[in-house]
Protein chains: 2
Amino acid sequence: MPSLTDLTTPALLIDAAALDANLRTMAAALPGARLRPHVKAHKCTALARRQAALGHRTFTCATIREVEGLVAAGLGEDVLLANEVLDARRLGALDARVTVAVDSAASIEAAAVGGVDAVLIDLNVGLPRCGCEPADAERLADLARARGLTVRGVMGYEGHAMLLPDRATRASLVADVTEKLAAAHAAVGSDVVSAGGTGTFDLHTVATDVQAGSYALMDTAYAKLGLPFRQALSVLGTVISTSTQGYAVADVGLKALGMDHGPSAIDDAAVWFFSDEHVTFAPRRPMRAGDRVRVWPAHVDPTMAYHERVHVVDGERVVETWSIDLRGW
Amino acid sequence: MPSLTDLTTPALLIDAAALDANLRTMAAALPGARLRPHVKAHKCTALARRQAALGHRTFTCATIREVEGLVAAGLGEDVLLANEVLDARRLGALDARVTVAVDSAASIEAAAVGGVDAVLIDLNVGLPRCGCEPADAERLADLARARGLTVRGVMGYEGHAMLLPDRATRASLVADVTEKLAAAHAAVGSDVVSAGGTGTFDLHTVATDVQAGSYALMDTAYAKLGLPFRQALSVLGTVISTSTQGYAVADVGLKALGMDHGPSAIDDAAVWFFSDEHVTFAPRRPMRAGDRVRVWPAHVDPTMAYHERVHVVDGERVVETWSIDLRGW
């Protein structure tokens with residue numbers, strides 16, 4: 001079995017015990033189909049299989065490629081593309097139960113023309129992104145049904161609440177979201193109310209399924225929320241240069257990390273800046289060229305999307321290596 | 001021949017005419033080996049072949065994978081890894097002329113043990129990253145020679161000057177860098193002085209070769225410098241949702257763009273924010289679902305690194321599709 005010292009750096013690592021604890025904690029809180037894991041966070045069918053083995057056999061996706069990859073991996077029992085598409089033909093070609101979000105006549109028409117059978121009416125619940133006005137949900141559901149589509153219910157993603165540090169503030173926003181979802185669901189009918197994410201996973205009362213994804217691996221942004229999940233994802237680097245001026249340089253650059261949530265962290269060090277293939281940082285204790293460091297990503301999703309593979313590690317041992325096979329579009 | 005309307009979005013595009021103009025402008029300014037194109041900016045052997053066809057047959061890399069890929073593509077005539085590595089065995093295994101940057105006894109030892117033949121002494125010329133103190137260059141060159149390595153000369157990268165908007169300020173910093181390079185070169189000997197980048201490509205006087213890469217494709221950050229290169233790189237997106245509140249949403253998210261230089265731009269629109277797979281923006285004129293938009297990346301290098309392929313386009317026609325085959329590590 002390979003060890004950490006055998007790995008070329010930068011190398012993406014998942015701590016096996018932290019992942020296992022995160023998956024079990026969530027499976028206890030939201031068992032089975034109550035959780036519809038969002039695969040955009042990890043883009044990895046091997047990890048999705050772990051989630052399925054714990055009882056979550058329905059999944060959420062953000063891209064058509066993610067849906068295709070899950071179906072090809074035998075995980076297509078009930079896959080939701082929680083996003084609007086204007087060309088749904090690749091979805092319609094899949095031999096699987098695929099549901100797509102719609103928020104307009106154009107996206108409904110695309111689903112019908114593309115050969116998709118089922119839709120959720122996507123509501124704008126406060127984040128200025130996709131989703132119809134809640135008052136428009138019934139009209140769109142009628143339109144979808146008239147176009148021959150099965151309307152399975154409603155969804156709404158409260159991204160504006162997800163990373164707020166104060167739980168009470170998140171709860172208050174979710175209460176508002178819940179009201180909108182419940183009203184639209186009453187108007188639309190059927191059985192699905194899909195919502196939420198890692199930051200609000202235990203705050204939903206009317207949602208039938210929660211679309212959390214980041215909980216499995218976590219990042220420094222979510223770590224600030226006091227959730228019962230541990231940071232399982234890091235990037236292993238090698239110190240390639242040191243300076244008498246107190247800084248060191250490792251080979252984990254911004255092409256190995258999502259940068260939109262700000263700089264990633266290094267234990268016992270102040271991170272100065274990232275370049276394409278470098279991080280310059282001031283370690284508390286002197287470091288030498290060849291030393292290894294762990295960089296803790298600030299945003300799990302775009303970090304995973306940069307790497308071809310991830311190593312699952314138990315201490316110094318690499319116990320599995322998984323392909324990040326749902327990348328691209 | 002496919003057209004833009006045939007492409008799945010998000011799709012990375014290179015404007016053929018802009019690329020051609022950029023390559024020719026640079027080849028006229030720094031002909032042949034005076035330019036050592038940095039492939040980290042595009043990670044694409046097809047584009048490197050274009051550079052080679054214009055006379056630049058020596059290349060700069062930031063990762064071992066980039067070196068391996070160039071060599072496999074028959075572009076290994078003289079490849080510089082302008083970065084320190086502590087395990088050089090993959091470089092030593094290549095049947096090509098490979099030179100690696102060294103800045104310490106440890107990186108020299110790694111080159112020797114790894115079977116690399118040639119090194120450049122990497123100087124810290126003001127950017128707190130890799131590179132030895134200039135006064136230490138002679139000692140390291142002696143050490144490398146004693147270890148059986150060919151010392152080809154010196155290099156230094158003035159990344160701190162690269163994106164400064166004022167040309168005079170950049171020139172003043174390059175003058176300081178030049179002094180350091182010249183002194184170290186005198187002490188180290190041999191024939192290479194490698195330095196510079198797109199922002200300083202025409203400011204170097206002692207550099208024998210300039211390591212520019214971004215000039216070929218450009219981005220919104222470099223566009224502010226008034227350089228004689230045009231933005232050739234964009235990401236084609238589809239409007240997937242619109243709102244009566246004046247914003248629209250397209251399917252070009254932060255997983256399709258480098259985010260470290262801030263948000264990318266959309267013509268005739270105010271960009272509000274990026275999510276993993278979305279951009280929310282306020283267009284000056286109303287848009288409809290299904291409309292196409294062009295997003296102009298803020299940073300070319302990490303944008304290329306997210307995409308599997310790039311389409312070279314002439315107006316609405318896709319004239320070539322290139323694999324971005326030097327990604328990963």
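The peptide bond from T9(A) to P10(A) is cis, with omega near 0°. Chain B has a cis bond from T9(B) to P10(B), also with omega near 0°, and P10(B) is in the segment before β1 (11-15) of chain B. As background, most peptide bonds are trans, and most residues other than glycine have a negative phi.

A word on what we are looking at. This is a predicted model, in which local features need pLDDT of at least 70 and side-chain atom pairs count only at pLDDT 80 or more, while totals for chains, interfaces and linings use all residues. Residues are numbered from 1 along each chain as its sequence is written, and chains are lettered from A and ligands numbered from 1 in the order in which they are written.

Now chain A as a whole. It has nine helices and 16 strands. The radius of gyration of chain A, taken over C-alpha atoms, is 21 Å, close to the 20 Å that the globule rule (2.2 Å times the number of residues to the power 0.38) gives for 329 residues, so chain A is as compact as a globular protein of that length. Along the principal axes, its C-alpha atoms fill a box of roughly 70 × 40 × 35 Å. A residue is buried if 20 or more other C-beta atoms lie within 10 Å of its own, exposed if 12 or fewer, and partly exposed in between, with C-beta atoms placed from the backbone. Buried residues make up 55% of the 329 in chain A.

Next, the domains, whose bounds come from an automatic or database domain assignment. Domain 1 of chain A covers 4-12 + 229-323, and domain 2 covers 16-217. Their C-alpha centres lie 32 Å apart. Two residues are in contact if their C-beta atoms, placed from the backbone, lie within 7 Å. On that basis, 15 residues of domain 1 of chain A are in contact with 17 residues of domain 2 of chain A. On the domain 1 side, α9 (300-304), β15 (309-314) and β16 (317-323) of chain A each supply at least two residues. The largest share, four residues, comes from β15(A). For residue classes, Ala, Val, Leu, Ile, Met, Phe, Trp, Tyr, Cys and Pro count as nonpolar, Asp, Glu, Lys and Arg as charged, and the others, Gly among them, as polar. That side of domain 1 of chain A divides into eleven nonpolar, one polar and three charged residues.

One loop deserves a stop. H42(A) is in the loop between α1 (16-29) and α2 (45-53) of chain A. Is H42(A) buried or exposed? H42(A) counts as buried, with 29 C-beta neighbours inside 10 Å. Beyond four places in sequence, H42(A) is in contact with L47(A), G213(A), A216(A), L217(A) and M304(A). K43(A) lies in the loop between α1 and α2 of chain A. K43(A) is not a glycine, yet has a positive phi of about 50°, and with 27 C-beta neighbours inside 10 Å it counts as buried.

On to the dimer contact. The contact takes 43 residues from chain A and 43 residues from chain B. On the chain A side, α5 (105-114), β9 (233-242), β12 (269-274) and α9 each supply at least two residues. Which of the elements gives the most? That is β9(A), with three residues. By class, the side of chain A that touches chain B has 19 nonpolar, 14 polar and ten charged residues.

How are the copies related? The same surface serves both copies, and 100% of the contact residues of chain A recur in chain B.

Last, helix α5 of chain B, residues 105-114. Its buried residues are S107(B), I108(B), A110(B), A111(B) and A112(B). They pack against β4 (98-102), β5 (118-123) and α6 (137-146) of chain B. Just after α5(B), G115(B) takes a positive phi of about 90°.
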